[in-house]
Every structure is written in C-alpha cells, then in structure tokens.
Amino acid sequence: SSAASDVYKRQSVVGVSATSLITSSLPDIVDAFDVPDSAAGLVLGASTVPGIVLALVVGLAADRFGRKVLLVPSLLLFGVAGTAAAFAPTFGLFLLLRAVQGAGSSALLNLTATVIGDHWEGTERASMIGRNTAFVTVSIAILPAIGGLLTDTLGFRGPFYLFALAIPLGLAIAWWVPETDLEPSGRVADQLAEAWRFITTPRMLAIAATGVAVFVLLFGAELTVAPFHAEEVFGLSASSRGLLLGVPAVTATIVATILGRLIGRFGRSTLVVTGAVVYGTAFVIMGVAPAVWVFVIALLLIGSAQGFTIPVLQESTLAAADTGNRGIAVAVFGSAARLGQTIGPAIAGLALVSLSTTTSFFGFAAGAMLLAVFVY
C-alpha cells in the first residue's frame, strides 16, 4: 500500500503542475497573445473548469470500476493536450487545449487522496494526507521557479514542453501499479442514489463550501494577483516571480508534516478558522509591502494558512466517507476545489482591470475574514 501511495503522489504532482508550472509566466502569456491582463484568469480557469463536473463523474467511476483504470488515460490526455498547447498559434486554440488538459487532470489529485483513504485510517490517515500535501507543496515551490526559468530562456511556451512527462508516467503506472480491490458494485441507479444522499449531508456541504472559498483565495490572490503585483511594484522577471511564488511551500510543508498532531490537539474547525484569518492578514501585508522581503513574509504566512486549511479539509472529507463512497466523497471536494480555482482567477482578472493590485489584495483579505466567520 505504501508503494502504491508513493506512485500516486507523483501523479498528483502532475495534476498541480497544470497551474503551478505556468503561474509565474502569466504576464508573458497575455503579452505574447496580445490580450488584456484580465485574460490571465482564463489561462488558469480553462484548465480547471472541466474538473468541476468531471471530478464527480470520476469519483463515481472510481468507486465502481477502480482507481487505475481512470488514472492511466487521464495522464495520457493531460500530457498530449498540455504539450500541444505549446504550439497553439492563437489564444482561442491555446485555451481549448488547456481545457482538454484540464479534463485529463480531473482524476489526478482526487485519486491520490482516495488511495490514501483506502489504506489508512484515523491519525495515520491524517499523517499520510499531511505527507502527501507536503510532497505536493514542495513541488509547487519548485515548479513556478522552473516555469519562470523556462519562460526567460525559451519564451512563454517553454514550460508547456514539460507536460509531456505525464505520458511515460501513465505508461509506467499501467504496467507496474496494481489496481485497488473494491467490493462488488450494485446497480448504477442505487449507487447514484446513495452518492446523492451522502454528498447532500450538511457535513459534506459545509466541507465543499469551505473548499470553494479557500481555493478562491489561493488562486485569486496568490496565484493571479501576486505575479502581476510582483512585476508592477517590484519589477521582477518571470524567473524571479517563480521563485517568489515558491516561498509559501516552506511553511506549508512544515504545517502539513505535523497535521495529525495538530488535528488531534486543536480540532479541524479551529485549524480552518486560523487559516482563514492568517490568509486575510497575509493579503493585507502583501498589498502594503514596501519591499520584497516584507512580501516574502506575507507569502510565508500564506503557506501556513494553506497547511491549516487544504489538507485539513481533505482529511475531513475522508473521515466522512467509507470505502463504498470514498471516491465520490473525494470528488466532491475536488469539484469544490476546481470551482474555487476557476472563480478565484476570474474575480482577480476582473479586479486587475478596474482596481490596483493593492486594492485587489484588500478585497481578498475581506473575503478571508468572512470565511473565518462562516466556519466559526
């Protein structure tokens, strides 16, 4: 089970690369296609919109047919479409290929959490979720820097060449990784009815709503507004912006590695409320930061907020499910995350058209404080 989880963790890194590898390149992408800054939200959103619906379909299918049977074609689709985007001659075709890539990524992050839930419970499950989050977070720290470096050396298309690595990974999983054993499934209608009863419980609805809000904050303020702010206020290049966006991984990794102990001592709700407050504080600091080093402090705070919220919500989702509905449970959270990943850049894109980056940060800070009140 540990070996299988390690393999699935690697494919979860592929999933996050669809956005994190190109975030530092957003100003270069919109400039290259001669579109307004508000189109940055479309660049990120195009790869997240398909997952809003497909994540639920994947979850149901994973509970019925297995995990691996969905993962392999998803990786192949992700790799082919993501690489093809590097050669798109128009912005419209570029967005279309990003959407196809997003369809391929719909299964990747969700199935990792599902497999962890298949093999661990209780404190061990929380620890494994934390370790997986730390693994992914370190990758998120590295990927923007790699993307920025490739952009500075090869142009904005450079990072897209790396998506081709998903293809050999998919083939390797098809050959070596065993399928998860599942209980025999009943009628599809019965499965759908049970899934609907489960996902409409107050507990799951609250987790999903909180997940949407957290990812709106993360993808709106940090991953969309921050690169433009770093360019406009501090004059940073794409590679420098990439290094800057990797800073939150330091504190996010530290928090994620002790997730089991934190949940045991403080409880899930307290951690999420704390994370929301820290998000809001960090966004205010980012908006008024007079120097890059102050901006870095704010990014470190954002990393801790990520650790207090995202893995805790994932673990809460697994705690609410059993083997028969674990796939759909994780898919609900995944769909909520995709919705937030889509709404956040869209809001940020609109804000960048009519407001300064500083004012945009203040708006997201207000949203974070409202989330803290909601969870509390």
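Which helix gives the most to the lining of the largest cavity? Select α17: with 7 residues, α17 gives the most. Helices here are DSSP runs (H or I, at least four residues), numbered from the N terminus.

This is a predicted model, where local features need pLDDT of at least 70, side-chain atom pairs count only at pLDDT 80 or more, and totals for chains, interfaces and linings use all residues. Residues are numbered from 1 along each chain as its sequence is written, and side-chain values use heavy atoms, with hydrogens and water left out.

**Stop 1: the cavity**

The structure holds 1 cavity of 30 Å³ or more. The volume of the largest cavity is about 640 Å³. Select V16, L109, V136, F215 and I310: of the 38 lining residues, these are the closest to its centre. A cavity is a set of points on a 1 Å grid over the protein atoms alone where a 1.4 Å probe fits but cannot get out; lining residues have an atom within 4 Å of a point. Points are joined across faces, edges and corners, and the volume is the space filled by probe spheres set on them.

Now show the elements that give two or more residues to this lining: α1 (2–20), α7 (108–119), α8 (122–154), α11 (202–234), α13 (248–257), α16 (292–319) and α17 (326–354). Colour the lining by class: 19 residues are nonpolar, 17 polar and 2 charged. Gly counts as polar here, and Asp, Glu, Lys and Arg as charged.

**Stop 2: T19**

Go to T19 in helix α1. T19 counts as buried because its relative accessibility is 8%; the cut-off for buried is under 20% relative accessible area, with a 1.4 Å probe and protein chains only. Leaving aside neighbours within four places in sequence, T19 is in contact with L44, S47, T48 and F219. Contact means heavy atoms within 4.5 Å.

**Stop 3: α8 and α12**

Select α8 and α12 (residues 238–245). They pack at an angle of about 180°, with axes 7 Å apart. The pair is therefore roughly antiparallel, a label for angles over 145 degrees. Axes are lines fitted to C-alpha atoms over the stretch in contact, and angles run from 0 to 180 degrees between N-to-C directions.

On α8, pick A141, P144, A145, G148, L149, T151 and D152; on α12, pick A238, S239, G242, L243 and L245. These contact residues divide into 7 nonpolar, 4 polar and 1 charged.

**Stop 4: α13**

End at α13, which is mostly covered, with 7 of its 10 residues buried. Select P248, A249, T251, A252, T253, V255 and A256 to see the buried residues. They pack against α8, α11, α12, α14 (259–266) and α16.

Definitions and conventions: On a 1 Å grid over the protein atoms alone, a cavity is a set of points where a 1.4 Å probe fits but cannot get out, and a pocket is an open set with protein on both sides within 12 Å along at least five of seven lines; lining residues have an atom within 4 Å of a point. Angles under 35 degrees count as roughly parallel, over 145 as roughly antiparallel, 65 to 115 as roughly perpendicular and the rest as oblique. Buried means under 20% relative accessible area, exposed over 50%, partly exposed in between (1.4 Å probe, protein chains only).
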